[in-house]
Amino acid sequence: MTTVTSVMTANPASATPETPLRDIARLMIENDCGQIPVVDTKGMPVGVVTDRDIAVRIVAEGRDTMNATASDAMSAPVQSVREDSTLKDATALMEASKIRRVPVVDAQGKLTGIVSLADIALAGKDGQTAKVVKEVSEPGSKH
């Protein structure tokens, strides 16, 4: 079985709950990504901030974008998979949680990577991808 480490982005950009939202948006631009994991002082994921989180929780609500931090916009608790998880495990979590990206953690729970639906699609090893894309894309997703 193929594990998530074979397709994940290792050492992804991350933030702390206190990181200004503007810095998170810059990280998204610099890393060409739509999600930044939020970690505690031990490097363990406590949430994620997506571009949609910023749009829905901050901008659309008219909140102060200049003083907002990761904790103001992040989705928590975080869904994650361990490094030894299979691609099937990751796709099952994405489907069940209707999410497109999942932080990857080591045995101690520290962030080591992130795996996205696109990563799995590019791996293209099985017919699971089309099913996951369909399930994740269904309306009514709650993060």
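View 1. Buried here means under 20% relative accessible area, exposed over 50%, and partly exposed in between (1.4 Å probe, protein chains only). Helices (H or I, at least four residues) and strands (E, at least two) are DSSP runs, numbered from the N terminus. The model is predicted: local features need pLDDT of at least 70, side-chain atom pairs count only at pLDDT 80 or more, and totals for chains, interfaces and linings use all residues. Residues are numbered from 1 along each chain as its sequence is written, and side-chain values use heavy atoms, with hydrogens and water left out.

**View 2. The hairpin of β2 and β3.** Strand β2 (residues 35-39) and strand β3 (residues 45-50) pair in the antiparallel sense over five bridges. Two strands pair if DSSP finds at least two bridges between them. Five residues lie between the two strands of the hairpin, and G43 in the turn has a positive phi of about 85°. Across the pair, Q35 stands opposite T50, and P37 has V48 as its bridge partner.

**View 3. The two faces of β2.** Five of the five residues of β2 are buried, so the strand is largely enclosed by the rest of the structure. Q35, P37 and V39 lie on one side, I36 and V38 on the other, and both faces are covered.

**View 4. The open four-stranded sheet.** The strand order is β1-β6-β5-β4, with mixed pairing. β1 (9-10) and β4 (81-82) stand at the edges with a single partner strand each, so one side of each is left without a neighbour in the sheet. Strands of a sheet pair through backbone hydrogen bonds, either parallel or antiparallel. β4 and strand β5 (residues 101-105) pair in the parallel sense over two bridges. In this pair, V81 stands opposite V104 of β5.

**View 5. D53 in helix α2.** D53 lies in helix α2 (residues 51-59) and, at 7% relative accessibility, counts as buried. Apart from its neighbours within four places in sequence, D53 is in contact (heavy atoms within 4.5 Å) with V48, I58, A73, M74 and S75. The side chains of D53 and S75 are joined by a polar contact of 3.1 Å. Such a contact is a pair of N or O atoms within 3.5 Å; within protein, one must be able to donate a hydrogen and the other to accept it, and residues adjacent in sequence count only if both atoms are side-chain atoms. D53 and S75 are 22 residues apart along the chain, and their C-alpha atoms are separated by 7.3 Å.
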